[in-house]
Number of protein chains: 2
Amino acid sequence: MADSRARRLTALIDGLTAAHVDGLLITSLPNIRYLTGFSGSSALLFVSTRDLVLITDFRYQTQITEEVGDFARISIEPQSLWAGLWQQLAPFTYLEVVGFESGHILHRDFQRLLEAGARWQWRPTVDLVETLRERKDAGELALIQAANGIATQALERTIPQVRVGMSELEVAGVLEKSLRDAGSEGFPFASIVASGPRSALPHAHSSARQIEDGDFLLLDFGAETKGYCSDVTRTFVVGHAAPEQREVYEVVRVANENAAHGVRAGMTGRDADAIARDYIEQRGYGDLFGHSLGHGLGLEVHEAPRLARTAEGTLAEGAVVTIEPGIYRPGWGGVRIEDDVFLGPDGPTILTSFPRELIELG
Amino acid sequence: MADSRARRLTALIDGLTAAHVDGLLITSLPNIRYLTGFSGSSALLFVSTRDLVLITDFRYQTQITEEVGDFARISIEPQSLWAGLWQQLAPFTYLEVVGFESGHILHRDFQRLLEAGARWQWRPTVDLVETLRERKDAGELALIQAANGIATQALERTIPQVRVGMSELEVAGVLEKSLRDAGSEGFPFASIVASGPRSALPHAHSSARQIEDGDFLLLDFGAETKGYCSDVTRTFVVGHAAPEQREVYEVVRVANENAAHGVRAGMTGRDADAIARDYIEQRGYGDLFGHSLGHGLGLEVHEAPRLARTAEGTLAEGAVVTIEPGIYRPGWGGVRIEDDVFLGPDGPTILTSFPRELIELG
């Protein structure tokens with residue numbers, strides 16, 4: 001931990017030099033956790049070649065000492081983190097140009113920089129920490145793998161309990177309890193349990209709808225361990241699958257398989273997306289795959305890189321990405337199969353071990 | 001629903017006139033939900049005396065029609081909501097000065113206003129919609145009451161299942177499943193299950209710690225129904241309560257009771273806070289009540305008003321606020337008792353019906 005933090009900090013400081021700033025104000029909480037280990041919900045971090053200052057409030061006094069130790073100078077503010085920041089920066093005579101995270105600061109707080117922080121020159125920066133986070137180290141990979149193990153275990157415990165007549169909310173309850181029992185520290189996003197025609201809504205939440213015989217049942221959920229996430233989707237049929245359900249399922253399954261085995265570091269996000277999309281189009285379902293193939297994941301469930309038609313950037317070696325093709329026919333139903341995949345030097349490793357063949361429940 | 005939306009819109013338009021803007025760009029999703037009924041995770045809303053335009057992406061095509069109907073002009077954007085916004089605003093020849101929500105727009109998106117939106121003059125606004133949201137109407141109050149009913153029901157189902165040796169995560173699983181079974185559409189925040197010495201951490205998350213005989217067990221959680229939240233805390237003793245536990249519990253219970261019965265619309269947030277704080281100080285525990293007394297709740301679990309030593313504003317009639325005093329002794333444990341209270345014209349109504357007397361579990 002201490003080692004990986006020092007390595008990350010060194011890499012970030014190289015980025016500061018390239019961005020021509022004397023220091024960087026970090027307001028993104030996942031970025032702060034990545035750099036220091038602090039997992040609280042209220043913090044500001046200042047980084048320069050000479051100083052590393054982490055500011056939080058009194059609620060986190062005990063926790064911050066445990067998590068950060070003496071890696072950063074810690075300041076506990078009784079009232080405003082911002083007042084604390086100005087105080088902490090005042091003695092740094094070397095400081096003229098300070099970067100800030102344009103994608104992680106509200107206009108209201110940006111105004112503070114221009115007013116209370118007017119003695120410094122503020123320069124917007126983009127993705128300095130996110131670029132580092134894209135390449136997972138061995139410790140991070142192990143945690144994402146563990147979060148995948150929890151997700152698989154929870155799904156194995158859940159599916160024998162699904163019955164016709166249960167509501168989607170009840171299934172969500174069984175799934176979430178199974179995630180907790182398997183050790184998940186949280187839910188990285190609101191679980192989606194979508195049945196029957198509702199499985200055709202790519203962003204359905206769970207509802208009071210009762211499951212009927214012959215329904216598709218789509219579960220999209222994740223586990224969290226030490227801040228790292230998994231993100232998994234499986235689609236089942238409750239009862240016997242009709243031929244058309246089997247056909248659509250099989251197209252999505254092959255698209256998932258092709259993409260999960262074909263994705264490589266160095267490829268553009270667009271080319272990765274095309275592996276699944278081209279196959280689904282060939283099979284005549286192109287119009288029904290309306291979203292992109294996937295996204296990076298780690299401390300956040302959506303982070304760099306993107307796997308999409310519009311993603312021209314190349315996928316970094318060490319990234320973990322989701323592969324989640326789907327086919328959605330409005331009013332009828334939808335299928336999505338989603339795995340988490342590590343892009344290693346020797347090709348992809350699929351981190352999600354739950355089977356991908358069609359399972360009929362009940 | 002249609003009626004309350006029209007009423008809210010009229011009130012907001014009065015606010016626009018007072019703020020000297022010709023229109024307002026709304027980027028806060030809860031504010032958009034409040035004004036239009038749309039609950040998706042991606043939207044921009046433009047409001048003026050003449051136009052109401054709601055922009056989202058293709059994923060929400062079906063949902064937005066169901067939720068919004070013809071109350072607003074709906075625009076579905078294939079790529080960027082922002083590109084859609086410029087297109088929608090272009091024909092509005094009356095538009096010169098446009099307000100934006102300073103507390104709900106990232107610097108990155110503010111830059112878009114100055115660049116792609118340079119033909120308009122942009123003016124920051126603060127809390128125009130939040131001020132309206134502070135006063136709940138009868139429909140909103142009924143939903144918060146329903147979310148409190150779900151929370152109470154879930155807690156009643158959970159506590160008979162708590163045993164020495166269960167982990168906090170397992171208790172969280174039972175609680176969250178009970179919330180789902182009682183119909184909660186989501187979890188407004190990460191449930192806190194904190195046992196023994198961990199109950200002294202006001203922002204503990206649930207951990208793998210196993211519950212021991214004689215522990216305090218603190219549960220802080222909420223339910224959600226049609227977007228509206230509840231936020232409830234109860235603290236139990238597992239096994240027999242020691243005299244010191246009873247004493248601390250009783251101080252918190254009386255502080256909660258005094259504040260829940262004493263809080264009034266028209267009071268400052270500071271005076272409300274003082275009802276509980278003064279009592280806890282008199283009893284000699286003032287140093288151990290480190291946070292503020294409460295906060296508003298509704299579509300968000302933290303919204304206006306604040307009940308705190310630094311809150312000089314007065315509490316609006318119609319607000320729903322939490323009353324959550326606590327005493328935390330590091331290394332030993334803590335007690336917090338939290339209810340949701342409606343500030344009506346004739347005084348406070350406590351919306352949380354779960355008992356407040358000390359309960360020994362198991």
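I began at Pro305(A), which I found in strand β13 (residues 303–307) of chain A; strands here are DSSP runs of E with at least two residues, helices are runs of H or I with at least four residues, and both are numbered from the N terminus. I noted that the model is a predicted one, in which local features need pLDDT of at least 70 and side-chain atom pairs count only at pLDDT 80 or more, while totals for chains, interfaces and linings use all residues. For my labels, residues are numbered from 1 along each chain as its sequence is written, and chains are lettered from A and ligands numbered from 1 in the order in which they are written.

**Entry: a cis bond.** I looked up the bond between Ala304(A) and Pro305(A), and it is a cis peptide bond with omega at about 0 degrees.

**Entry: confidence.** I read an average pLDDT of 96 for chain A, with 99% of the residues scoring at least 70; pLDDT is the predictor's confidence in each residue, from 0 to 100. The scores for the model are ipTM 0.94 and pTM 0.95.

**Entry: where the chains touch.** I found 34 residues of chain A in contact with 34 residues of chain B, contact meaning that the C-beta atoms, placed from the backbone, lie within 7 Å. On the side of chain A that touches chain B, α3 (61–68), α5 (107–114) and α8 (168–181) each supply at least two residues, and the largest share, nine residues, comes from α8(A).

**Entry: the nonpolar cores.** I noted that the largest nonpolar core has 99 residues, and that Leu45(A), Leu175(A) and Val321(A) are among those with the most contacts inside it. Such a core is a set of buried Ala, Val, Leu, Ile, Met, Phe, Trp, Tyr and Cys residues joined through C-beta atoms within 7 Å. A residue is buried if 20 or more other C-beta atoms lie within 10 Å of its own, exposed if 12 or fewer, and partly exposed in between, with C-beta atoms placed from the backbone. Leaving out residues up to four places away in sequence, I saw that Leu175(A) touches several residues, including Ala154(A), Val193(A) and Phe221(A). A second, separate core of 98 residues includes Val232(B) and Leu315(B).

Entry: I placed Ala6(A) in helix α1 (residues 2–18) of chain A, and Ala6(A) counts as exposed because 11 C-beta neighbours lie inside 10 Å. Asp127(A), in the loop between β6 (121–125) and α6 (128–134) of chain A, has a positive phi of about 60 degrees although it is not a glycine. His20(B) lies in the loop between α1 (2–18) and β1 (23–26) of chain B, and its phi is near 55 degrees, a positive value in a residue other than glycine.

Notes:
Contact = placed C-beta atoms within 7 Å.
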